[in-house]
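This briefing sets out selected features of a single model, grouped by topic. Please read it alongside the sequence and the coordinates.

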Amino acid sequence: MSDNESKKARRNAARERAAAQRAKDKARKRRNRTLTISGIILAGLAVVAVVVLVIANSVQPAGPGPKNMASDGIVLQGQNGKIVPVETKAIPEKGKPTATKQDESVANITVYEDYMCPVCNQFETGNMPQIKKWVQDGSATLEIHPFNLLDRISLGSKYSTRAAAAAACVANYDPDAFLDVNSAFYANQPSESTRGLTNQKLADIAKDAGATNKDVESCITDQRFANWVADATDRVLTQPLANSDIPKLTGTPTVIVNGKQYNADNTSAWSDTDSFAAFVEQNGGSTK
């Protein structure tokens, strides 16, 4: 083979190698472009899924609330030696609560509670007997706000919501029985990290405690006020608490006396009647 022929053969081989490399480069670019587009699509779908989840969790039908809980809580006061509820209209659909107008000459005790909260149970068990006496003799009022802070620890059953909604049913249809039902729910409190009681069991407990109005049971089993519980909980977790300087609720129980928050020194102290009575005395109430 002559030198010219040898050079020509080398040029042809180089051209073939270059063409093969260009083909590989084009194929690689097509693959990368396809992967990039797929990644963008998947990322977009993921963003859409997150947005949909956030919307689904945050957008719920609003209200209406139960009667006798215009403040998102039920107010109980003394009348002729008896404890009676203050009757109010229901919060209308998409409406807002109305803060209770408090009488500063007595101890205005406000309790924000979750029926699965063991510390709430300690406060209830230790202090409710003496609080009832104060309310009966007119030296105190009691305002109870059920909410659902601890839904996350009932294995997906949303027990806190269901129990709070059950209490709202009693407030709506049989308010005279509310305080006894409230105590009965604590007496039958399920353990944390369980599914809690069924709706029917809650209805049975309410009936046994004195809520005998025929509409209470169906209201509880249908969870008629579950959306209101979600609304009320959102309000206390994001907005100032009425009749106090507390910017929002951060724990359970939250107990307020004439605008001042009660804080026990330790968990067991929540049932200490002397400590709570002293706090009430210090904040404008008379327990004598």
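Is Tyr262 buried or exposed? In this predicted model, Tyr262 is buried, with a relative accessible area of 2%. The points below begin with the aromatic residues, then turn to the sheet, a helix and a loop.

**Aromatic residues**

- The structure contains eight aromatic pairs. One of them joins Tyr262 and Trp270 in an edge-to-face arrangement, with 5.5 Å from centre to centre and 90 degrees between the planes.
- Trp270 is likewise assigned as buried, because its relative accessible area is 10% and the cut-off for buried is under 20%.
- Tyr262 and Trp270 belong to one aromatic cluster, which also includes Phe123, Trp134, Phe276 and Phe279.

**The sheet**

- An open sheet is built from six strands in the order β2-β1-β4-β3-β5-β6, and its pairing is mixed.
- Its edge strands are β2 (82–85) and β6 (260–262), each of which pairs on one side only. On average, and with direction ignored, neighbouring strands of this sheet are turned by 25 degrees against each other.
- Strand β5 (residues 254–257) is joined to β6 by three bridges, and the two run antiparallel. Within this pairing, Ile256 has Gln261 of β6 as its bridge partner.
- The hairpin of β5 and β6 has two residues between the strands, and Asn258 there adopts a positive phi near 45 degrees.
- Strand β3 (residues 107–113) is connected to β5 by four bridges, again with an antiparallel course. Ile109 is positioned opposite Val257 of β5.
- In a regular strand, side chains alternate between the two faces of the sheet. In β5 both faces are covered: Thr254 and Ile256 are buried on one side, and Val255 and Val257 are buried on the other.

**Helix α6**

- Which residues of helix α6 (residues 214–222) are buried? They are Val216, Cys219 and Ile220. Viewed down the axis of α6, these buried residues fall within an arc of 95 degrees, so they line one face of the helix.
- Lys214 and Asp222, on the other side of α6, are exposed.
- The cover over the buried residues of α6 includes α3 (159–173) and α5 (199–208).
- At the start of α6, Asn213 places a side-chain oxygen within 2.8 Å of the backbone nitrogen of Asp215.
- Gln223 follows α6 and has a positive phi, near 55 degrees.

**The loop between α2 and β4**

- Where does Ser139 lie? Ser139 is found in the loop between α2 (118–136) and β4 (140–146).
- Why does Ser139 count as buried? Its relative accessibility is 14%, and the limit for buried is under 20%.
- The side chain of Ser139 makes a polar contact of 2.7 Å with that of Asp137.
- Ser139 and Ser105 are separated by 34 residues in sequence, while their C-alpha atoms are 8.3 Å apart in space.

Methods: Residues numbered from 1 in each chain as written. Predicted model: local features only at pLDDT ≥ 70, side-chain atom pairs only at ≥ 80, totals over all residues. Heavy atoms only, no water. Buried < 20%, exposed > 50% of the residue type's maximum accessible area, 1.4 Å probe, protein only. Arc of directions from axis to C-beta. Contact = heavy atoms within 4.5 Å. Polar contact = N/O pair within 3.5 Å; in protein donor to acceptor, adjacent residues only side chain to side chain. Phe/Tyr/Trp six-rings, centres within 6.5 Å; stacked < 30°, edge-to-face > 60°. Pairing = 2+ DSSP bridges. Axes fitted to C-alpha atoms, helices over the stretch in contact; angles between N-to-C directions.
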